[in-house]
Each structure stands twice: as structure tokens, then as C-alpha cells.
Amino acid sequence: MQNFDFSPLYRSAIGYDRLAHMMDEALRNDAQPSYPPYNIELLGDDQYRISMAVAGFDRSELDIEIERDTLKVVGRKQRADAKPTFLHRGIATRDFEHRFRLADHVKVVSAALENGLLNIELVREIPEVLKPRKIAIDGDNVHMLERRAA
């Protein structure tokens, strides 16, 4: 894989350092963990659902945390005093930590554990100020917008 140098971008652009950092992270060779398996669904224009297969985990063993633009899902299995003897072990219950990078204005609405699936509902809520708006060509609206900004 090729390595890209983003230093020219840092020299000629202001405020794009976060974008270059994200691209640099995406190009690293670190593979995202595949356990536990998960799906990301698009439910509507601005609605999403992350479904993670967490069979064998109790609610008390799962932790969901948001820090800035990162959603972190952690599973820490409580260790039993007596170790069971398995004849066949097909259900993995190892500890995990999975991180999802969230886009701007994406918020977690709810989380539920049903039938071994952890469902995390997300929604993108764009503030009114950032939504596109039409400006009338006659000068009255422009003066009003300038007064608000002042």
C-alpha cells in the first residue's frame, strides 16, 4: 500500500488539518476488529442503526460511550468462579472494544439489547443555521440578515 504525505495540505490550507488527519487514519494498515459481527443500516434519509451480535453478554457487561465524534462500544465479560467444561465451544464471549467514527451532527437516540443483538439507533440532526436557505433577490432580506449578524 502507498503512503501519502499530507504536509503540503497543512502548508496551503487552514482548518483542513482534521480532514487530513482522518484521511491519514483511514490509510493506515490497522485492520478494524471483526468481532463481534455488526451491521450498519440506513433506515431513512438521516436515520441509522448499528446492530451488533453480542450473544452471551448481559446488559451490565456492555458499555456504550460517545466522546466527541467517536462512538465506543465495549463488552467486558465477567469471569465466572467455576470454569465450565465445554465439549464444543462455538459462541465466542471474549472481551471487545469497537469504535465507530460519527459524522458531524450524528447523535445516538437509543440503545436496546434484544435476542442477542445490541441495536444502537442514530440520527443526523442538522441545526437550522446550517441548513440551506433561499435568499430573496430584493434587498430587504439581505439587510435583515446583515442586521442579525451585527
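**View 1. Salt bridges across the model.** The structure holds 10 salt bridges. Keep in mind that this is a predicted model.

View 2. Start with Arg-49, whose side chain meets that of Glu-41 in a salt bridge, 3.6 Å from N to O. Arg-49 also forms a salt bridge with Glu-121, and here the closest N and O atoms are 2.6 Å apart. This second pair ties together distant parts of the chain, with Arg-49 in strand E2 and Glu-121 in strand E7, 72 residues apart. Through shared partners, Glu-41, Arg-49 and Glu-121 end up in one network.

**View 3. A closer look at Glu-41.** Which strand carries Glu-41? It is strand E1, residues 38-44, that holds Glu-41. Leaving out residues up to four places away in sequence, Glu-41 touches Gln-47, Tyr-48, Arg-49 and Ser-51.

**View 4. Glu-61 and Lys-77, loop to loop.** Another salt bridge joins Glu-61 to Lys-77, with the closest N and O atoms 3.2 Å apart. This pair also links distant parts of the chain: Glu-61 sits in the loop between E2 and E3, Lys-77 in the loop between E4 and E5, 16 residues apart. Is Glu-61 buried or exposed? Glu-61 counts as buried because its relative accessibility is 8%, and the cut-off for buried is under 20%.

View 5. Strand E3 (residues 62-67) and strand E4 (residues 70-75) pair in the antiparallel sense over 6 bridges.

View 6. Most residues other than glycine have a negative phi. Arg-68 isn't a glycine, yet its phi is positive, at about 55°. Arg-68 is exposed, with a relative accessible area of 80%. His-105 is another case, a non-glycine residue with a positive phi of about 70°. You'll find His-105 in the loop between E5 and E6, where it counts as partly exposed at 32% relative accessibility.

**View 7. Inside the largest nonpolar core.** Nonpolar side chains tend to be buried together in soluble globular proteins. Here, the largest nonpolar core has 17 residues, and the ones touching the most other members are Met-52, Val-54, Leu-71, Val-73, Phe-96, Leu-118 and Leu-122. Which elements give two or more residues to this core? They are strand E2 (47-53), E4, strand E5 (96-101), strand E6 (106-114) and E7. Zoom in on Val-54 to see its surroundings: not counting residues up to four places away in sequence, Val-54 touches Pro-36, Leu-62, Phe-96, Leu-113, Gly-116, Leu-117 and Leu-118.

View 8. Ile-126, Val-129 and Leu-130 make a nonpolar surface patch of about 300 Å². Ile-126 lies in the loop between strand E7 (117-124) and helix H3 (139-149). At 35% relative accessibility, Ile-126 counts as partly exposed.

**View 9. Stepping back to the whole chain.** The protein chain has 3 helices and 7 strands, and along the sequence they follow the pattern α-α-β-β-β-β-β-β-β-α. Of its 150 residues, 21% are buried. The accessible surface comes to about 12,000 Å², with 51% of that belonging to carbon and sulfur atoms. As for contacts between residues at least 6 apart in sequence, 49% of them join residues at least 24 apart.

Technical notes:
Residues numbered from 1 in each chain as written. Heavy atoms only, no water. Patch = residues over 30% accessible without salt bridge, like charges linked within 9 Å, V, L, I, M, F, W, Y side chains within 5 Å. Areas by Shrake-Rupley, 256 points an atom, 1.4 Å probe, with all protein chains shown as cover. Salt bridge = Lys/Arg side-chain N within 4 Å of Asp/Glu carboxyl O. Helix = DSSP H or I, 4+ residues; strand = E, 2+ residues; numbered from the N terminus. Buried < 20%, exposed > 50% of the residue type's maximum accessible area, 1.4 Å probe, protein only. Pairing = 2+ DSSP bridges. Core = buried A, V, L, I, M, F, W, Y, C linked by side-chain atoms within 4.5 Å. Contact = heavy atoms within 4.5 Å.
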